[in-house]
Amino acid sequence: MKPSKETRRVEGRDQPEGSLREEAKVRTQSRVALPPNLERVNAAAKQAAQTRFTALLHHVDEAALYRAFRRQKRQASAGVDGITVAKYEERLTDNLRDLCERVHTGRYRPQPVRRVYIPKADGGKRPLGVPALEDKIVQGAVAEVLSAVYEADILGFSYGFRPGRSPHMALDALHTAIMSRRVNWVLDADIRSFFDSVDHEWLLRMVAYIGLWLRAGVLESGEKQETDRGTPLANIFLHYILDLWAHQWRRRHAHGCVVIVRYADDFVMGFEKKADAEEMLLVLKARLAGFGLTLHEDKTRLIEFGRFAALSRQRRGERRPETFAFLGFTHYFGRTRDGRFIVKHKTEGKRLTRKLTALRQDAWRLMHAPMAAQHRWFAAVLRGHYGYYGRPHNYPALNGFHRQMRRIWLRCLRRRSQKSRRMGWSEFETLTARFPLPTPRITRTWAQARI
């Protein structure tokens, strides 16, 4: 395996110009533009594929830390130190200056990650790591630098956590591939507990300056535990162990067309020939096992799907092609009005159920809030849902979500008091005429979806 960029020179030490806050405006909301110093790093990485950067820490300056801070979610849970975004912001300039000094003098030490567990759809619990705020800030600044270096190498079919890329672009690419390429079989793969299973020893061979976080440990039930798995730099890890390997395999061993679309640890492969698909499934298991990873047996499936799948299955007396899930959508076989094959999408049922369960709990906490505050929250939830799930063919699911949110609001209002328990749908309609909820709408146009 080729490790990270190999090199014969040291990258320059130019510092960014301009004030801290002026510099941060470029990167606070957008991951497309890079500050001038990182643009130079990215340009150097593109010019020489074998370049090795041995002096990058100086790019983690106050401006980079400020940009990373502005990308933090204000309502995010605090880490083991209990410091929230709002509390840290009270003395932001002093805090960032002190943090920057500790990073560059070697006095910065990451804190253990606070471990919490969230319920899964199958009744189990998913471990979730909550780093301390300063650790997230430094990680964000370092990730920004690494992105400038590795963006030149990461392959085009990788869409997760990259500048200027989004889940919808991955969905569009998958849709276009199945519609326009010779895809007859789909491998819907799921890596079991990927973010908690990344082998740090392998990752350290790929990226040198991340050992501090990897060995910071996990704080669970008030007791520190050492951990050697899990990393925020999953994209770089998968670039080496999956993307480059799969790309070489399809060029050297595949006998038919092979397409790949990956977003973080979620990826789908399409194959023209069944033999290629079956061989890939076997060698993929062996490849991942070599890095301490396994495929989830219950969630990894090889299905017949594509333009000719329905016809082939009909000839064999079988039912219509199976469905597969990717990035929150169920992808299923459909036909246009004139009978042509088309890939359609609808909100994944399991994900929708989980989301509605969580929203019911959140809504109960707003039960006694003023009506205007409740309306703002419900409207924001609906707009956010339409913004992501508003793809062509998904209007029925959007409409169903809208109805469920109306029912949740009505139940909350009925529980406010003895008088409100008698509220019926007619009274609720009068209320929503005054406080209207956003109606379902398709937010992704046909052109955007490349249909």
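Which side chains meet in a salt bridge at 3.2 Å, N to O, with R316 as one partner? The other partner is E318, where a salt bridge means a side-chain nitrogen of Lys or Arg within 4 Å of a carboxyl oxygen of Asp or Glu. The structure is a predicted model, in which local features need pLDDT of at least 70, side-chain atom pairs count only at pLDDT 80 or more, and totals for chains, interfaces and linings use all residues. Residues are numbered from 1 along each chain as its sequence is written, and side-chain values use heavy atoms, leaving out hydrogens and water.

Back to that pair: E318 counts as partly exposed at 37% relative accessibility, and R316 counts as partly exposed at 44% (buried is under 20% relative accessible area, exposed over 50%, partly exposed in between, with a 1.4 Å probe and protein chains only). The two also belong to a network of salt bridges that links E304, R313, R316 and E318.

Searching the whole structure turns up 20 salt bridges. One of them joins R444 to D172, with the closest N and O atoms 2.7 Å apart. R444 sits in the segment after α16 (425-434) and D172 in helix α7 (residues 167-180), so this pair ties together parts that are 272 residues apart in sequence. Helices here are DSSP runs of H or I with at least four residues, strands are runs of E with at least two, and both are numbered from the N terminus. Both R444 and D172 are buried.

Another salt bridge brings E272 together with R182 (3.2 Å, N to O). E272 comes from the loop between β7 (266-271) and α11 (274-289), and R182 from the loop between α7 and β3 (185-190), so parts that are 90 residues apart in sequence are tied together. With 19% relative accessibility, E272 counts as buried.

Then there is helix α10 (residues 234-252). Its 19 residues reach 26 Å from first C-alpha to last, close to the 27 Å expected at 1.5 Å a residue (1.5 Å times one less than the number of residues). Even so, α10 bends by about 40 degrees at Y240, the bend being the angle between axes fitted to the seven residues ending there and the seven starting there.

Helix α10 packs against α11 at an angle of about 150 degrees, with the axes 12 Å apart; axes are lines fitted to C-alpha atoms over the stretch in contact, and angles run from 0 to 180 degrees between N-to-C directions. On the α10 side, Y240, I241, L242, W245 and W249 meet α11 residues including D276, M280 and R287 (contact means heavy atoms within 4.5 Å).
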